[in-house]
Amino acid sequence: MKADAVRGHLDGLLLAVLEPGPLHGYAIIAAVQRRSGGVLELRTGTIYPALNRLERVGLLSSSWESAAGERRRRCYELTEEGRRTLAGERTAWDEFTTAIGSVLNPAAAPGLTS
């Protein structure tokens, strides 16, 4: 899938994969890829600036963690504000997909005519 298609929805994607709990960068990339059935492949150069920005605006917090025998890595998790923002992102996404679906497939939209 083209990167442009994801660009406007990156924040929502990142917040959604962090909803269950903290993850480090590569685990976030893997979660997006897994949840999308392999269609979405985010690059580190895309997600790390976004994660840093989301942390700066208070939607994420991070901490350094190290597992046995592994190097330290930064793990990110949602803040309460991040959870509220994710709920808003989901509502906006539902409204957006309904509107686009009504235009692309008007026969499936109840009560609408072309």
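Two residues are in contact when they have heavy atoms within 4.5 Å of each other. Keep that in mind as we walk through this predicted model, where local features need pLDDT of at least 70, side-chain atom pairs count only at pLDDT 80 or more, and totals for chains, interfaces and linings use all residues. Residues are numbered from 1 along each chain as its sequence is written, and side-chain values use heavy atoms, with hydrogens and water left out.

Let's start with a pair of helices. Helices (H or I, at least four residues) and strands (E, at least two) are DSSP runs, numbered from the N terminus. Leu14, Ala16, Val17 and Leu18 of α2 meet Ile28, Ala31, Val32 and Arg35 of α3. Sorted by class, that contact has seven nonpolar residues, no polar ones and one charged. Here Ala, Val, Leu, Ile, Met, Phe, Trp, Tyr, Cys and Pro count as nonpolar, Asp, Glu, Lys and Arg as charged, and the others, Gly among them, as polar.

How are two packed helices described? By the angle between their axes and the distance between the axes. For α2 (residues 10-18) and α3 (residues 25-35), the angle is about 100° and the axes are 10 Å apart. That makes α2 and α3 roughly perpendicular, a label used for angles of 65 to 115 degrees.

Now look at α3 by itself. Gly25, Ala27, Ile28, Ile29, Ala31 and Val32 are buried there, meaning under 20% relative accessible area, with over 50% called exposed and anything in between partly exposed (1.4 Å probe, protein chains only). These buried residues pack against α2, β1 (23-24), α4 and β3. After α3 comes Gly37, which has a positive phi near 65°.

Next, the largest nonpolar core, which has 22 residues. A core like this is a set of buried Ala, Val, Leu, Ile, Met, Phe, Trp, Tyr and Cys residues joined through side-chain atoms within 4.5 Å. Leu14, Ile28, Leu51 and Leu60 have the most contacts inside this core. Two or more residues each come from α2, α3, α4 (44-56) and β3 (73-78), and α2 gives the largest share, six residues.

Leu60 leads us to another spot. Leaving out residues up to four places away in sequence, Leu60 touches Leu51, Tyr76 and Thr79, among others. Where does Thr79 lie? Thr79 is in the loop between β3 and α5 (80-104), and its side chain reaches the backbone oxygen of Gly58 at 2.6 Å.

Finally, find Pro49 in helix α4. Pro49 counts as partly exposed because its relative accessibility is 46%.

Definitions and conventions: Axes fitted to C-alpha atoms, helices over the stretch in contact; angles between N-to-C directions. Parallel < 35°, antiparallel > 145°, perpendicular 65-115°, else oblique. Polar contact = N/O pair within 3.5 Å; in protein donor to acceptor, adjacent residues only side chain to side chain.
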